Amino acid sequence: MNVIDIFRRTGALLEGHFQLSSGLHSPGYMQCALVLQNPAEAETCGRAIADAVRGLGATVVLAPALGGIVIGHEVGRALGVRAIFAERQNGTLTLRRGFTLATDDTVLVVEDVVTTGGSTRETIAVARAEGAVVVGAASIIDRSGGNPGLDVPFHALGTVALPTYQPDACPLCAAGTAAIKPGSRTPAP
Ligand code: ZN
């Protein structure tokens, strides 16, 4: 399975000038929601991730909201384990809605896209704060350049080498265009 083909086919590989959730700017954006809106594509991606990480022995999938929820649920379905998510409350990623992790839980963190690894590390910290063991992390797309900076095994279905820039060093900004926050259609502040 070539996940990049799925992105091309579903129009989820966008070109322009974007501000990523990490704050970095980029000429390319992987809009996973456009892939995952198709349940069959979501299931395919979830099953492929599950096949790659089954040996880690996760007993629960933990995903950061919103981007990780759909793919996390599909990975949980394929592994036959619970799928829960963490979400921000006053800026801090946390478990809500009665979701719990126990010290005998082994956690797989699942994301849609990993760029800097920042939100993955935050999600790992949420699990560890509950006393659970994090056995690995996975995503549909790796934009980190092969270095997500994680201290657990990491697997991505596809690696994409799209450049990213600090906003003050962005050549697209220097050329005078405004960065768009994907999904919002409004220029980034
Ligand atoms: Zn820019």
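Reader: What pLDDT do local features need here?
Author: Residues are numbered from 1 along each chain as its sequence is written, and side-chain values use heavy atoms, with hydrogens and water left out. As this is a predicted model, side-chain atom pairs count only at pLDDT 80 or more, totals for chains, interfaces and linings use all residues, and local features need pLDDT of at least 70.

Reader: Which residue forms a salt bridge with E74?
Author: Side chains of opposite charge can pair when their charged atoms come close. A salt bridge is counted when a side-chain nitrogen of Lys or Arg is within 4 Å of a carboxyl oxygen of Asp or Glu. For E74 the closest N and O atoms are 3.1 Å apart, and the partner is R77.

Reader: In which helix do R77 and E74 lie?
Author: Helices (H or I, at least four residues) and strands (E, at least two) are DSSP runs, numbered from the N terminus. R77 and E74 are 3 residues apart, about one turn of the helix. R77 counts as exposed because its relative accessibility is 53%. Both residues belong to residues 69-79, helix α4.

Reader: How many Å separate the C-alpha atoms of E43 and R77?
Author: E43 is in helix α3 and, at 35% relative accessibility, counts as partly exposed. Along the chain, E43 and R77 are 34 residues apart. Their C-alpha atoms are separated by 8.6 Å.

Reader: Which residue forms a salt bridge with R9?
Author: R9 is in helix α1 (residues 3-9), and its partner is 32 residues away in helix α3 (residues 39-53). R9 counts as exposed at 56% relative accessibility. With the closest N and O atoms 2.8 Å apart, the partner is E41.

Reader: How many salt bridges does a search of the whole structure find?
Author: One of them joins R88 and E122, at 2.8 Å from N to O. R88 lies in strand β4 (residues 82-89) and E122 in helix α5 (residues 118-129), so this pair ties together parts 34 residues apart in sequence. R88 is partly exposed at 44%, and E122 is partly exposed at 31%. The number of salt bridges found in the whole structure is 8.

Reader: What is the bridge partner of L62 in β6?
Author: Strands of a sheet pair through backbone hydrogen bonds, either parallel or antiparallel. Strand β3 (residues 60-64) and strand β6 (residues 106-114) run parallel and are joined by 3 bridges. In β6, the partner of L62 is V109.

Reader: Which residues coordinate the zinc ion?
Author: Donors are N, O and S atoms within 2.8 Å of the metal (3.2 Å for Na, K and Ca); water is not among the atoms, so sites may look incomplete. The donors here are at 2.1 to 2.4 Å, and they come from H17 (NE2), H25 (ND1), C170 (SG) and C173 (SG).

Reader: What is the arrangement of the 4 donor atoms around the zinc ion?
Author: Four donors count as tetrahedral if all angles lie between 85 and 135 degrees; four count as square planar and six as octahedral if opposite donors are over 155 degrees apart and all others between 65 and 115; anything else is irregular. The angles here are 93 to 120 degrees, which makes the arrangement tetrahedral.

Reader: Where is N90 found?
Author: Most residues other than glycine have a negative phi, and most peptide bonds are trans. N90 is not a glycine, yet its phi is positive, about 55 degrees. At a relative accessible area of 80%, N90 is exposed. Its place is the loop between β4 and β5.

Technical notes:
Two strands pair if DSSP finds at least two bridges between them. Buried means under 20% relative accessible area, exposed over 50%, partly exposed in between (1.4 Å probe, protein chains only).
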